[in-house]
Amino acid sequence: MKKRILSSGVGTFVLILSVPFQIGVVSAQSSADALIDRVVEKMGGAHAILDVRTIEANGYGMEAYFWGGGNITGDPGAIQKWAENPNMSAIWDFENDRYLTRYRHNFMFPFGGVFGHSFSSSAWGVDGDVGYALTADGEARRLPEWTTGGAWGKPDGRIFRVYESLSHPLAAIRAVLSGDAVAENLRTEDGYEVVDLVIDEGSVTLGIEPSTMLPRWVRWSLPHQNLGELVMTTTFVGYQAWDAVQLPMTWSSTIDWRSTLVQTRLLDGYYVNSDQMPDISAPDVVVEQPPLPPIAPANDIAVTEVADGIWHLDPGGHTIVEFADHLVIFELGGTFEHSRAVIELANGLVEGKPLTHLIVSHHHFDHTRGFRAAIEAGLTVISHRGNREILADMATRPAPNFADIVPNPYGGTLDFIPVDGHLRLQDEEMTLDIYQVVKNNHMANAVFAYAPESRTLIEADLATPANQFSFWAEAYEDNLEHYGLEVDMVSPNHVSRPMTHAETLEWIQEGVAAALARCEEFGALGRNLPGCPPYIYRDWVDRFSDE
């Protein structure tokens, strides 16, 4: 046993830590402990820090759409799309080992689904050994230890929320003082004094600003289904005294992929040891649920023939096209297990014809969630030339610490065929034209496919992104007119079944009035929303009135 005597502003605090008695370890441990002692003193002293039993940080912030994977293109210079997060709270109940974060969500760009503009409030928390999520509609569900299938395709899980709870200076330092974490491996990185905080679940790394001796950042690793293993760094700025403890008024989180800023938090204030702190214990219904697997098992996949040699798969909205000696799939989203199941199904769909190629419509992370499984399966990738760089990132980034939940955990090689305006795939059985999408403000470096013999169009986010708000109503017909295409059938990605051309127009038309009305409603209030007035110029009323 090792005894630490910590200096505080008002007296002496004794902390017992159990470590192996080895001279080298003790010496290194003592150095790490000495650093923590200096930080404790600057933050207000051990007694003041440990006296904080509960704390609630209230404010607002923003989140990057798909963590940088939902911009107009996959170019590193593409402007980031954001969601605003008003009514943000982060709450710690240290005595009961609980943490919860809650905020509202609204996209700051036009989005086709009502849920993207609803300002709905969701929450995620951890209560001891139970991680949980509270959805906007009141559903409470237990989280697995780790998952890559969180909200908006983000990582999540109980351990994610534990690490997130330590991504605040007070929580991190208090964990060491209370014995819930041990500081180890003192070193210097980029001018910061750095230690690892080891807990039961693993460790996070704490960086100390030497000029102030206050925590500057917390860093930890996490899995991502598109990008492999990421490193998240949360940086703290704007320390002030709150009830005798120095606390930051802002923090922001960045991932190591392209140094992407993924989240910001700006505070209105803290409530320390408030007698009105909300109850953040896990709901009984969550506690009673068994722990969930990190990856949900694949659902049964329905195969619908769209035309001769073309099949639509649901769920997932994938389309398989048959050539003389091989198959090609358009789009591969979905979970790890789903993507592997789709590839297995495709390889058995037509005897003697393996799946060899994947057409990626565009880079958005909801459309490339299965991309790493495609690389794992050795598929050749066809997409717009401008997607090569971001697809190479997805193909090659490793995830060795999360091999059980991230496909292709040691990285792979991208075999890429670029599309420059138009590419024709043709043999004696099938002709498939791949065209670059034009006149679309949702995705610039995008493609769709067209089988001229059956006049079948295969698309993702061109005709059917969502139709609760049809902000992109004109894109489908704009592209048909641009390329002079006549369409009988559409095989969509975001609709569960194939549709005729007429059905597709009716599907789009359903959301036109809603998009116009939303813009008009908020415009009357003096709040002109992004995307308003929408780019809609065709007659979406009278030409449907006789049908």
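I looked up the second largest pocket and noted about 490 Å³ of space in it. A pocket here is an open set of points on a 1 Å grid over the protein atoms alone, where a 1.4 Å probe fits, with protein on both sides within 12 Å along at least five of seven lines. Lining residues have an atom within 4 Å of a point. A volume is the space filled by probe spheres set on the points, which are joined across faces, edges and corners.

This is a predicted model, in which local features need pLDDT of at least 70 and side-chain atom pairs count only at pLDDT 80 or more, while totals for chains, interfaces and linings use all residues. Residues are numbered from 1 along each chain as its sequence is written, and side-chain values use heavy atoms, with hydrogens and water left out.

**Second largest pocket, continued.** I found 21 lining residues, the closest to the centre being Asp97, Val162, Ser165, Leu166 and Asp180. Strand 4 (82-93), strand 5 (98-107), helix 3 (158-165) and helix 4 (169-178) each give two or more residues to this lining. Helices (H or I, at least four residues) and strands (E, at least two) are DSSP runs, numbered from the N terminus. Helix 4 has the largest share, four residues. By class I noted nine nonpolar, three polar and nine charged residues; Ala, Val, Leu, Ile, Met, Phe, Trp, Tyr, Cys and Pro count as nonpolar, Asp, Glu, Lys and Arg as charged, and the others, Gly among them, as polar.

**Helix 4.** I checked burial next: nine of the ten residues of helix 4 are buried. Buried means under 20% relative accessible area, exposed over 50%, partly exposed in between (1.4 Å probe, protein chains only). The buried residues include Pro169, Arg174 and Leu177. Gly179 follows the helix with a positive phi, near 90°.

**Largest pocket.** I read a volume of about 940 Å³ for the largest pocket. Its lining has 46 residues, and Gly153, Gly334, Thr335, Asp366 and Arg369 are the closest to its centre. Strand 8 (140-142) and helix 6 (336-347) each supply at least two residues. The lining divides into 20 nonpolar, 19 polar and seven charged residues.

**Disulfide.** I counted one disulfide, taken as a pair of cysteine sulfur atoms within 2.5 Å. The sulfur atoms of Cys519 and Cys532 are 2.0 Å apart. Cys519 is in helix 11 (residues 512-524) and Cys532 in the segment after helix 11, 13 residues apart. The torsion about their S-S bond is about -75°, so the disulfide is left-handed. Both cysteines are buried.

**Salt bridges.** I found 29 over the whole structure, each a side-chain nitrogen of Lys or Arg within 4 Å of a carboxyl oxygen of Asp or Glu. Lys154 pairs with Glu63, the closest N and O atoms being 2.9 Å apart. Lys154 lies in the loop between strand 8 and helix 3 and Glu63 in strand 3 (residues 54-64), so the pair ties together parts 91 residues apart in sequence. Lys154 is buried at 10% relative accessible area, and Glu63 is buried at 6%.

I also looked up Glu429 and Lys353, whose side chains meet at 3.0 Å, N to O. Glu429 is in the loop between strand 23 (422-426) and strand 24 (431-436), and Lys353 in the loop between helix 6 and strand 20 (355-359), 76 residues apart. Glu429 is partly exposed at 41%, whereas Lys353 is buried at 9%.
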